[in-house]
Amino acid sequence: MSDGCPHLAYRTDGDGKSFDVARAFCTVTDSFVQPMRADVCTARYGLSPADDCEFYVTPDAETDGSFAGDE
Ligand code: SF4
């Protein structure tokens with residue numbers, strides 16, 4: 001099994017919402033992950049966060065405050 005995205009966290013609150021059970025949360029977008037994207041975040045089915053997610057940034061670049069775009 002592949003490793004999931006390094007930006008994936010599990011939180012019970014964030015983005016103005018709270019839940020009883022921890023949900024997948026993206027620390028790049030600061031929002032909860034939509035269910036259809038969760039397979040990318042967890043690198044299931046051969047998906048790759050780095051290749052298949054437009055929000056993905058290399059971990060070292062995360063602190064500059066910019067989102068990964070079409071570079
Ligand atoms: S949305 Fe993209 S950047 Fe965020 S956790 Fe998922 S794969 Fe990683």
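A residue is counted as buried if 20 or more other C-beta atoms lie within 10 Å of its own, as exposed if 12 or fewer do, and as partly exposed in between, with C-beta atoms placed from the backbone. By this count, 14% of the 71 residues of the protein chain are buried. The views below show a predicted model, in which local features need pLDDT of at least 70 and side-chain atom pairs count only at pLDDT 80 or more, whereas totals for chains, interfaces and linings use all residues. Residues are numbered from 1 along each chain as its sequence is written.

**View 1. Order of the elements in the protein chain.** The protein chain has two helices and three strands, where helices (H or I, at least four residues) and strands (E, at least two) are DSSP runs numbered from the N terminus. From the N terminus on, these elements follow the order β-β-β-α-α. Of the contacts with a separation of 6 or more, 25% are accounted for by residues 24 or more positions apart, a contact being a pair of residues whose C-beta atoms, placed from the backbone, lie within 7 Å.

View 2. The three strands form an open sheet in the order β1-β2-β3, with antiparallel pairing, and the edge strands, β1 and β3, each pair on one side only. Two strands are taken to pair if DSSP finds at least two bridges between them. Six bridges join β1 to β2, and Arg11 has Arg23 in β2 as its bridge partner. In the hairpin of these two strands, which has two residues between them, Asp15 takes a positive phi near 55°. Two bridges join β2 to β3 (residues 31-32), and Phe25 stands opposite Phe32 in β3. The hairpin of β2 and β3 has four residues between the strands, and Asp30 in the turn has a positive phi of about 55°.

**View 3. The largest nonpolar core.** A nonpolar core is here a set of buried Ala, Val, Leu, Ile, Met, Phe, Trp, Tyr and Cys residues joined through C-beta atoms within 7 Å. The largest one has eight residues, namely Cys5, Phe25, Cys26, Val33, Val40, Cys41, Cys53 and Tyr56. To this core β2 (17-26) and α1 (38-41) each supply at least two residues. Tyr56 lies in the segment after α2 (49-52) and is buried because 21 other C-beta atoms are within 10 Å. Its C-alpha atom is separated by 9.5 Å from that of Cys26, 30 residues apart along the chain.

**View 4. Cys41 and the surroundings of the ligand.** Leaving aside neighbours within four places in sequence, Cys41 is in contact with Gly4, Cys5, Leu8, Ala24, Cys26, Val33 and Pro49. Cys41 is also one of the residues that come nearest to the ligand, together with Cys5, Cys26, Pro49 and Cys53, out of the 14 residues around the ligand; a residue is near a molecule if its C-beta atom, placed from the backbone, lies within 6 Å of it. By class, the shell around the ligand has eleven nonpolar, two polar and one charged residues, where Ala, Val, Leu, Ile, Met, Phe, Trp, Tyr, Cys and Pro count as nonpolar, Asp, Glu, Lys and Arg as charged, and the others, Gly among them, as polar.

View 5. His7 is found in the segment before β1 (8-14) and is partly exposed, because 19 other C-beta atoms lie within 10 Å. Not counting residues up to four places away in sequence, His7 touches Cys26, Thr27 and Val28. His7 and Pro49 are 42 residues apart in sequence, and their C-alpha atoms are 9.3 Å apart in space.

Key
Contact = placed C-beta atoms within 7 Å.
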